[in-house]
Amino acid sequence: MGIFGKWVTAITAIIFSAGLWLALTLKQEYKTTILIPFELRNIPSKLSLAKPTPNNIYLSVKGTGWDLLFLQLAQGVAYRVDASSLSGKYTFNTENNYFHYIRISQDLNLISISPKKITIILEDKISKKVPIILLSHIEYKNGFNKIGGALISPDSVELSGASSIINIITSWQTEFVTANNIKSDIKLNAKLSDTLSFSISKNINNVTASWRVESTADKFYENVPIAFEDFPNDYFIRTIPSSVNISVRGASEIIAKLTHKDINAVVNYRNIIFDTTGKVSPKIILPADVELLKLTPNNIQYFRRKNK
């Protein structure tokens, strides 16, 4: 016998020995835990889940290595519950009559199932249309900014699900979208959030969000009068000076239309009550997408006395 023949004989012996060892090993009994899906099927069309059920169930089983191997390789093994005749609240023990819900070899011995109890709550299904809230973070290139808010299309979504859930929903969010270094009009696709998917279905899954973008401009405003907020009527208040100067920045189209009437400098009574320095900084209230660059003076003196 040549060298090649000896190698063939040796490899054949190794394979035969390994196969024999594997066959003997798989005949022995073992314990193992496997994860299988939990499936709730045939929910009546007029009902919907009001509470999530487990996605998976843990099975602890005992059997020969062969049986356990076939179980691991089997396709479509799941814990299936037919909900066609269910309504309201239904709690059941997963180990009772488990063979009605799981198709596994009768040669396997079930040791335990986790969770031991599952509660199914079905309620009337209702529908409702709610506005869409866009979650986004857009960074603009230096010297550019948006004009107004995002235009969302469509701007609402119809939700269907369990009445106790639908009744408390007032809006629906998108997933977070981002964009950087933007210097021109932008349009993004945003996916609607998948939360509460165990119960709620949506008539749409995506929206389009668009922004108008323009180069920015700066503008200076003099003598913006200081107003007082939440002051009691029996007090007299005066600030020195009585007005402030501000510099602002925003999209050119917005800044071009901005007037003194759109800008408010406000001192709140609480700020004076808790002040110990004799000076306060007015709060500047600006339209959306207008940025305060500079406030002069930043702090103002005030005089307060109670009316006689």
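What percentage of the 308 residues in the protein chain is buried? Buried residues make up 34% of the chain, where buried means under 20% relative accessible area, exposed over 50%, and partly exposed in between, with a 1.4 Å probe and protein chains only.

This is a predicted model, in which local features need pLDDT of at least 70, side-chain atom pairs count only at pLDDT 80 or more, and totals for chains, interfaces and linings use all residues. Residues are numbered from 1 along each chain as its sequence is written, and side-chain values use heavy atoms, with hydrogens and water left out.

**Overall features**

The protein chain contains 5 helices and 22 strands; these are DSSP runs numbered from the N terminus, with helices (H or I) of at least four residues and strands (E) of at least two. Its accessible surface, found by the Shrake-Rupley method with a 1.4 Å probe, comes to about 19,200 Å², of which 52% belongs to carbon and sulfur atoms. A contact means heavy atoms within 4.5 Å. Of the contacts in the protein chain with a separation of 6 or more, 75% are between residues 24 or more positions apart.

**Nonpolar cores**

In soluble globular proteins, nonpolar side chains tend to be buried together. A nonpolar core is a set of buried Ala, Val, Leu, Ile, Met, Phe, Trp, Tyr and Cys residues joined through side-chain atoms within 4.5 Å. The largest such core has 26 residues, and Val157, Leu159, Trp172 and Trp211 touch the most other members. Among the elements that give two or more residues to this core are strand 7 (117-133), strand 10 (156-162) and helix 3 (163-166). Strand 15 gives the most, with 4 residues. Apart from this core lies another, of 24 residues, including Val267 and Tyr302.

| Residue | Residues in contact |
|---|---|
| Leu159 | Ile126, Ser127, Lys128, Val130, Ile166, Ile169, Trp172, Ile200, Ser201, Lys202 |
| Leu286 | Ile246, Val248, Asp262, Ile263, Glu291, Leu292 |

Leu286 is placed in the loop between strand 20 (283-285) and strand 21 (291-296). Leu286 lies 28 residues from Leu258 in sequence, and their C-alpha atoms are 9.6 Å apart in space.

An open sheet is formed by 3 strands in the order 16-22-19, with antiparallel pairing. Two strands pair if DSSP finds at least two bridges between them. Strand 16 (235-240) and strand 19 (279-280) are the edge strands, each pairing on one side only. Strand 16 is joined to strand 22 (residues 300-306) by 6 bridges, and Tyr235 stands opposite Lys306 in strand 22.

Conventions
Lists of a residue's contacts leave out its neighbours within four places in sequence.
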